[in-house]
Structure formats: structure tokens, C-alpha cells
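Opened the notebook for a quick look at how the parts of this chain sit together.

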Amino acid sequence: MATADVIVLGLGAMGSAAGYHLARRGVRVIGLEQYTPVHDRGSSHGQSRIIREAYFEHPDYVPLLQRAYEQWRALQEECHASLLIMTGGLMIGPRDGVLVQGALASARAHNLPHELISADEIQHRFPPFRVSPEMVAVQEPNAGVLHPEACIRAHLDGATTAGAMLRFEEPVLQWTAGEHAVDVLTTKGQYSAARLVITAGAWAPQVLDALHLPLQVERNVMYWFAPKADASAFAPSRFPIYICEYRTGAFFYGFPAQSDGTVKVAHHHSGDFCTPSTLRRDVAPAEVARIRGLLEAHLPAASGELRATAACMYTNTPDLNFIIDRHPQHPQVTLACGFSGHGFKFSSVVGEVLADLALDGWTRHPIHLFRLPRFG
Ligand SMILES: Cc1cc2nc3c(=O)[nH]c(=O)nc-3n(C[C@H](O)[C@H](O)[C@H](O)COP(=O)(O)OP(=O)(O)OC[C@H]3O[C@@H](n4cnc5c(N)ncnc54)[C@H](O)[C@@H]3O)c2cc1C
């Protein structure tokens, strides 16, 4: 039986970052993952993730975001790969909508650089957009694109370099917390450690079944289109990441063109609930027609040939805030899940927070929004 100071269960976005920070603090780490490194079966594939600072979800996320940016830049410098491209961001919607009002609240509370611009100004600055006159946008410079596969690979490589033992294609079947140790059984062996960090993504409901967490897994599809014309208008130097509240509380979002010239777009929250084993990976023509309809209305030049689709899972909590806490019955077990479709950008700082909680039992970072007792 292999032993360590800390076992990390699940090496996706959060687990790779936790393994990285733990190993760099000099503790012995074993990481266990059911699939291959940087796989596309969970929540962290698809070539791009938005990062933005004027966070419409809640102003209390902003200090964590600022730390996340620092950590991404440090990691990027260390691994000599391109992890983050700054493009600026555009939050488009009705002036009194949750997106514009939320982004403004964060920007004002934290004194972030931003501008509130009119529909005419949106079209003037970013010609591909078509927005109705009552729409406005919060434009911010501190937003951009993370490359999730490269980010996870950088965390995994950094963890290994710092001495972590990472094992892939080795599903965890069971874990048990005793008085002095946590024992973990996989398909290939047994492991024991003083601490366990559980970062199982969409599998958290199963891995943490005794906690009956209020989590719902939601299928969300990403679409890659070739622009119809004037592809240069979508270049990352000219075109920002954006979110559009096209109907009250309903959002689609997208990115500038990737190196292959395609632009990725998606709905935020489909309402199509599933489990990892029932997730439907094929995409129906009616789904394509729906997203194409939104593009025709708001970004017609992006609605060319459909080049690819991929299904991905959100793991939602009732309030859409994350869960990051110690296990209520087993303080030697730390968990992070329920990232509700907006966690990736934070994974660099979540790794640091998880290392704090696992080793010290507390963190200086503000995580009060993410505590378990809020569910009663
Ligand atoms: C379509 C889509 C778009 C998104 N867009 C954005 C965005 O623009 N910006 C943003 O910030 N966030 C975004 N997100 C959310 C973000 O990607 C997720 O919050 C984040 O990737 C979740 O990371 P995770 O580590 O919890 O899950 P994962 O990365 O899925 O990792 C969990 C890992 O645990 C492993 N595992 C589970 N059970 C076991 C077991 N029993 N044994 C061994 N291993 C196990 C899994 O195989 C997996 O590798 C998006 C998500 C999706 C799906």
C-alpha cells in the first residue's frame, strides 16, 4: 500500500491545481484520476474558458479573481506555454438586467476599470455585433481567454516536477476516513494518507454520496462556427470575450477566433440535467438551430459553417456559488465541487485554497460564499 501526506481524488481543473500547490509546499502527494491526463469526459475541455474581473455573479468573487490572475501569470511564466490571452470583455444586456447590473456592482465595489457603453457604441467598437437600441454593455479591459487543456497540463507537470506521484486511468472505488488516516481503494491498489482532497467534478454526487449534496449536473454544448465573412473582425486583438443576456436571465457567450479561425459560442445553462453516465454527447439539429438563431440575431457574421460541437458538464449548486470546505464529519477531508459552470478561471487560486485547507485547516482567501452550512 502506497502512503502519502495528502491524496487528491480527481485531477481535472481543481485537482491538478491542488496537487501542484500541495507538492510545492513540500508534502508527499498522490493524485488519482479515473481517465487520462487532460481528458474530455468531464467539465474542463473545449480549448477556451472565459476569465473576467467585473464579476456579475457577486462582488465578493473579485479578490479571488485578482489572485487567480496572479497565479495564472506566474504559472504561465514557469511553464513557457500560452495559458492566458487578454482580449477585454463585453457584458451585453438590458441596462437593468442581472448581467449589466451585476458587472457594474462588482466594478464599482472594487474600483475596476470599465465603461458602460450604448448599443451604437458596441457596434462601432465591435462591428460584428447587432444589438437592439435598449441594450448596453459593460466593457472591461481585464478579461480574456484561458486555454484549459494547457492550464491543466501545466499544473500536472508542475506537480510532478515538485515530486507528486500522479496516477491516471485508475478510478477510485471507495474512500474511508479513520481516526488517523484516510484509506483509498482504487481499481489498481490501496493508498493511505493523513489528508484527502476531493475534486471529483461532476462525479462529486457519487464520491460524496453520504453528504447528499444539493448538486445537479447539467449538460452544456459548445459549438464552433466558421465566420461567414470578414474573419479578421473576430481576431483576438480586435474582438473580446462576451456574454449576452438576450432574454431576462438567459445568456449566450462566446470567444474571439481560435488559431483555426473558428469562433466558439454556447448557451450558459441549458436546463438539460444528466449524470456523467447519462450525458448525451451527440448534438441534435434543433439544438444547432437554436444557437444559430441567436447568432443570426446578434452576431450574424459568426453564423457560417458549423465545424464542431462538444458536450460538457456543469455541476450546479442551488445558489450557483461553489462548494469549498472541509468535510463536516471528517476535518481531514477537504472538498471542492459545485463550480456551477463558472469555476475554471478560479482553478489557479482554488488550488492554493485547497492546499491551505488541507494542510492548515484555514485560508486567508475569502471563501465565505462557498461554505457547506449554507445548505442547512
Ligand atoms: C461548456 C462549459 C463551458 C464553461 N465555460 C467556463 C468559462 O468560460 N469560464 C469558467 O471559469 N468556467 C467555465 N466552465 C466551468 C469550468 O470549466 C468548471 O467549473 C471546471 O472545469 C470544473 O473543474 P473540476 O476540477 O471541478 O472538474 P473536472 O475538471 O471535470 O475534474 C474532475 C475530475 O475528477 C475525476 N474523477 C471523478 N471521480 C473520480 C473517481 N472516482 N476516481 C478518479 N477520478 C475521478 C474526473 O475524471 C475528472 O478528471 C465551463 C464548463 C463547461 C462544461
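Ground rules. I am working on a predicted model, where local features need pLDDT of at least 70 and side-chain atom pairs count only at pLDDT 80 or more, while totals for chains, interfaces and linings use all residues. Numbering starts from 1 along each chain as its sequence is written, and side-chain values use heavy atoms, with hydrogens and water left out.

Domains. I looked up the assignment (bounds come from an automatic or database domain assignment) and found domain 1 at 2–44 + 149–213 + 319–375 and domain 2 at 85–146 + 216–316. Their centres, over C-alpha atoms, lie 30 Å apart.

Interface. I found 16 residues of domain 1 in contact with eleven of domain 2 (contact: heavy atoms within 4.5 Å). The two domains bury about 1100 Å² between them, 62% of it on carbon and sulfur atoms; that is accessible area (1.4 Å probe) lost on putting the two parts together, summed over both.

I324. I placed this residue in strand β19, residues 323–326 (strands: DSSP E runs of at least two, numbered from the N terminus). I324 counts as buried because its relative accessibility is 1%, and buried means under 20% relative accessible area (1.4 Å probe, protein chains only). Last entry: I324 and R108 are 216 residues apart in sequence and 26 Å apart in space, C-alpha to C-alpha.

Conventions: Helices (H or I, at least four residues) and strands (E, at least two) are DSSP runs, numbered from the N terminus. Buried means under 20% relative accessible area, exposed over 50%, partly exposed in between (1.4 Å probe, protein chains only).
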